[in-house]
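Morning, everyone. Let's take a quick tour of one structure. Have a look at the sequence and the model first.

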Amino acid sequence: MKLLTTSLSLSLRKYRTYLSSGSTWLQEMVWCIGNDLDFERAKTLQQFRTPLLELTALMDNDKGDWMNELGSSVELVEGMQSPRFIKSHLIWELLPAALDTVKPKVVYIARNPKDMCVSYYYYCTLVHNMKGSFEDFCELFLKGRVPLGPIWNHILGFWRRRHEPNILFLKYEDLKKDLEGVIRKTATFLGKTLTEPDVRKLSEHLSFKNMKKNPSVNLEPIMAKKNGPDFLQTTELSFLRKGEVGDWKNHMTPDMASQFDAWTEKNIRGTALTFD
Ligand code: A3P
């Protein structure tokens, strides 16, 4: 509790999301805008620039020497200088109540649940050495029985607050459609002015092609530390996998897609939330 209270200074910026929704992409965007496009400093591992607040807790059962190198995420956040840029996958209710009073800026990103599920399946296979089939994973995903839990209370917890002045709610599909437009919108939200050449430079930095080969935003260096360098040579998976909208069409049967649609429709009914 002490951590969460002390970490809520007025200059704090947070971005949140369920996993596999484009949080790493957003994380890089927010940090670069907040740090006046300092691409030199952006070469440092993301976890040191924009720590995932709960990383140490998530990794508790999985500690090894490689984790020691990352240090404690809590201490990292506590030791940061203002303004701090912090990532979290936690639901609104698990974040400090001071969020409602201190009102740090929060940028949230949501993604079409069918693509999220596909992306999260590959993430769990890569990071948690999960062995199950995609069909089984879909069933668990629909039941909210995947590592990060159910998605709807996560997404809707932020969606309901989207009109509050300290909340910016974004969608992965909008970044895909108009990255420069989202960069401008996010900069305005963060109180930063970007020139048009800046917007273009940042958009280039954030392109899938460039992010994929950027070791500071990729999980590959961490995976190599965790599983040994051979792992990367033997696995066909990568964290920045496809970066596309609609990859679910390559994975889901029509029946499965209908189940997802019905489930989504039921959960977003009356909320005004839509997905492409
Ligand atoms: P895919 O698995 O569909 O490729 P998160 O960071 O929240 O875990 O989300 C990971 C997803 O965001 C992955 O989706 C990843 O490829 C995608 N992503 C990351 N950077 C991206 C970029 N620059 N452009 C498009 N998608 C990106």
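Start with the ligand. By class, the shell around the ligand holds seven nonpolar residues, eight polar and four charged. That comes from a predicted model, so keep that in mind, because side-chain atom pairs count only at pLDDT 80 or more.

How many residues surround the ligand? There are 19. The closest are Ser-23, Thr-24, Ser-119, Arg-241 and Gly-243. Which elements give two or more residues to that shell? Three helices do: α2, at 23–34, then α8, at 113–127, and α14, at 208–212.

Next, a strand. β3 covers residues 105–110 and is mostly covered, with six of its six residues buried. Both faces of β3 are covered. On one side sit Lys-105, Val-107 and Ile-109, and on the other Val-106, Tyr-108 and Ala-110. Note that Lys-105 is on the buried list.

What does β3 pair with? Strand β4, residues 167–171, runs parallel to β3, and five bridges join the two. One of the partners to look for in β4 is Lys-171, bridged to Ala-110.

Last stop, a helix pair. α12 spans residues 179–189 and α13 spans 196–205. Their axes come within 9 Å and cross at roughly 115°. The crossing of α12 past α13 is right-handed. Where do they meet? From α12 we have Leu-179, Glu-180, Ile-183 and Arg-184. From α13 we have Val-199, Leu-202 and Ser-203. By class, that contact has four nonpolar residues, one polar and two charged.

That's the tour. Over to you.

Methods:
Residues numbered from 1 in each chain as written. Predicted model: local features only at pLDDT ≥ 70, side-chain atom pairs only at ≥ 80, totals over all residues. Near = placed C-beta within 6 Å. Helix = DSSP H or I, 4+ residues; strand = E, 2+ residues; numbered from the N terminus. Nonpolar A, V, L, I, M, F, W, Y, C, P; charged D, E, K, R; others polar. Axes fitted to C-alpha atoms, helices over the stretch in contact; angles between N-to-C directions. Left-handed = near helix turned anticlockwise from the far one by under 90°. Contact = placed C-beta atoms within 7 Å. Buried ≥ 20, exposed ≤ 12 C-beta atoms within 10 Å, placed from the backbone. Pairing = 2+ DSSP bridges.
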